[in-house]
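Please examine the sequence and the three-dimensional structure shown below.

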Amino acid sequence: MAASVQLNLRSFKAPFNLKPIAKQFSRPGRIRCAATTPTKRYSITLLPGDGIGPEVISVAKNVLKLAGSLEGFLSFPFPVFPLFRIEFSFQEMPMGGAALDLTGVPLPEETLSAAQRADAVLLGAIGGYKWDKNEKHLKPETGLLQLREGLKVFANLRPATVLPQLVDSSTLKKDVAEGVDLMVVRELTGGIYFGKPRGFGTNEKGEDIGFNTEVYSTHEIDRIARVAFEIARKRRGQLCSVDKANVLEASMLWRKRVTAIASEYPDVELSHMYVDNAAMQLVRYPKQFDTIVTNNIFGDILSDEASMITGSIGMLPSASLGESGPGLFEPIHGSAPDIAGQDKANPLATILSAAMLLKYGLGEANAANRIENAVLDTLNRGFRTGDIYSTGNKLVGCKEMGEEVLKSVDSPVPTAI
Ligand SMILES: NC(=O)c1ccc[n+]([C@@H]2O[C@H](COP(=O)([O-])OP(=O)(O)OC[C@H]3O[C@@H](n4cnc5c(N)ncnc54)[C@H](O)[C@@H]3O)[C@@H](O)[C@H]2O)c1
Ligand SMILES: CC(C)[C@H](C(=O)O)[C@@H](O)C(=O)O
């Protein structure tokens with residue numbers, strides 16, 4: 001099936017539905033579909049990567065498969081029957097350190113072309129101590145940047161929502177963390193990560209230097225600003241643009257263009273904030289933020305900071321979208337080498353990334369909601385990995401957490417209202 005992956009700005013809304021689960025519909029019985037039942041087929045490229053990447057991807061893949069298989073049933077009036085079926089075909093490809101060990105490069109051509117051909121891409125995480133001293137072009141991280149560039153996914157959405165179930169896991173006081181629901185819109189394919197000139201050299205004193213360039217053009221700022229305004233419009237109508245316009249020329253242009261684009265969105269309230277203040281405000285009073293738009297490097301840092309408000313970096317999903325072509329969906333955390341291979345990773349960020357894949361990548365909002373509700377249900381039933389554990393809950397590993405989410409996906413379908 002052709003990907004439903006165009007950046008459909010009108011369809012953006014907060015990817016996590018926190019409204020109380022009020023209605024419970026019985027899941028339709030298992031029905032053997034007639035051969036004539038229309039089938040939606042989606043090809044998903046899986047990039048497990050390194051460290052905890054394979055652990056969390058294997059869990060998320062099962063959740064995705066099950067959620068897809070439950071779609072297409074019309075449950076009222078009885079008898080139930082399938083209107084359509086969803087089938088996924090998964091292709092697993094090496095990426096990052098795993099690819100370096102296998103092929104000598106962090107993003108083999110075959111991996112990039114499989115990702116480009118897919119309807120959507122789900123990535124675990126890349127990197128690890130083993131490759132930390134590699135030359136730049138042989139670092140796992142370089143492969144990730146090449147992938148984002150190769151897929152042209154310039155808009156990175158990183159929602160940070162404090163779930164009522166996890167408010168005690170936040171490092172912030174309950175009254176500060178409670179109710180936080182923000183979205184960081186990070187520019188992903190420009191700025192200092194990609195700007196030229198860059199490299200190593202020597203200065204006039206003969207000293208070694210390393211240098212990078214923060215550069216943004218008008219069209220790069222305009223397109224990410226429009227994505228952010230569209231998202232803010234679907235949320236609470238407030239957009240805060242974060243920059244360093246008191247010092248950096250690239251930020252001065254950023255602020256000028258975001259202000260200009262604001263005239264297309266009179267219903268959205270725009271504010272500007274310097275990044276140092278934003279970092280402080282995020283821990284002082286995070287509820288003031290609705291949607292944040294910022295450049296590549298500030299978005300990287302602020303979204304990690306925002307993750308701790310929610311309890312753990314193991315909870316935050318992300319979606320990276322371009323104007324066309326497949327989206328890239330990944331948890332915001334890294335390969336966590338300190339806990340890799342120990343069944344300690346929290347798979348929820350990757351499971352929620354799979355939900356974002358369904359919603360933003362394939363337009364399957366119903367299946368996405370099913371997964372989000374299953375995550376809430378699993379937390380309601382008291383299951384916690386170590387990073388979000390608090391007394392009175394049940395401590396589980398990555399695999400068991402995945403099994404519990406599967407049970408919640410497979411149980412009566414909670415419909416959020
Ligand atoms: N998108 C990516 O693939 C990505 C993102 C960030 C970092 N990295 C890479 O990952 C490697 C490790 O980086 P780092 O240590 O700075 O960041 P990290 O996110 O891997 O880990 C930071 C801390 O958070 C914990 N953590 C992360 N994910 C977790 C999860 N799902 N469940 C429980 N705990 C979790 C880790 O155990 C660690 O203590 C580096 O090579 C880095 O470049 C990759
Ligand atoms: C691993 C690294 C290249 C990456 C980034 O800096 O974008 C990571 O920190 C992230 O946030 O996904």
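At what angle do helix α8 and helix α9 pack, and how far apart are their axes? This is a predicted model, in which local features need pLDDT of at least 70 and side-chain atom pairs count only at pLDDT 80 or more, while totals for chains, interfaces and linings use all residues. Residues are numbered from 1 along each chain as its sequence is written, and chains are lettered from A and ligands numbered from 1 in the order in which they are written.

Helix α8 spans residues 275-284 and helix α9 residues 296-309; they pack at an angle of about 10°, with axes 10 Å apart. Helices (H or I, at least four residues) and strands (E, at least two) are DSSP runs, numbered from the N terminus. Axes are lines fitted to C-alpha atoms, for helices over the stretch in contact, and angles run from 0 to 180 degrees between N-to-C directions. The two helices α8 and α9 are therefore roughly parallel (an angle under 35 degrees).

The contact (C-beta atoms, placed from the backbone, within 7 Å) brings Val275, Ala278, Ala279 and Leu282 of α8 to Phe298, Leu302, Glu305 and Ala306 of α9. By class, these residues are 7 nonpolar, no polar and 1 charged. Here Ala, Val, Leu, Ile, Met, Phe, Trp, Tyr, Cys and Pro count as nonpolar, Asp, Glu, Lys and Arg as charged, and the others, Gly among them, as polar.

Which residues of α8 are buried? They are Val275, Ala278 and Leu282, where buried means 20 or more other C-beta atoms within 10 Å of a residue's own, exposed 12 or fewer, and partly exposed in between, with C-beta atoms placed from the backbone. These residues cover an arc of only 45° around the axis, which puts them on the same side of α8; the arc is that of the directions from the helix axis to the C-beta atoms. Their cover includes β11 (238-243), β12 (269-274) and α9. The face turned away from the buried side carries the exposed Asn277, Met280 and Arg284.

Around ligand 2 are Gly127, Glu141, Leu144, Leu145, Asp300 and Ile332, each with its C-beta atom, placed from the backbone, within 6 Å of the ligand. Helix α4 (residues 140-151) gives the most to this shell, with 3 residues.

Finally, Arg198 lies in the loop between β8 (181-187) and β9 (199-202). With 13 C-beta neighbours inside 10 Å, Arg198 counts as partly exposed.

Key
Parallel < 35°, antiparallel > 145°, perpendicular 65-115°, else oblique. Contact = placed C-beta atoms within 7 Å.
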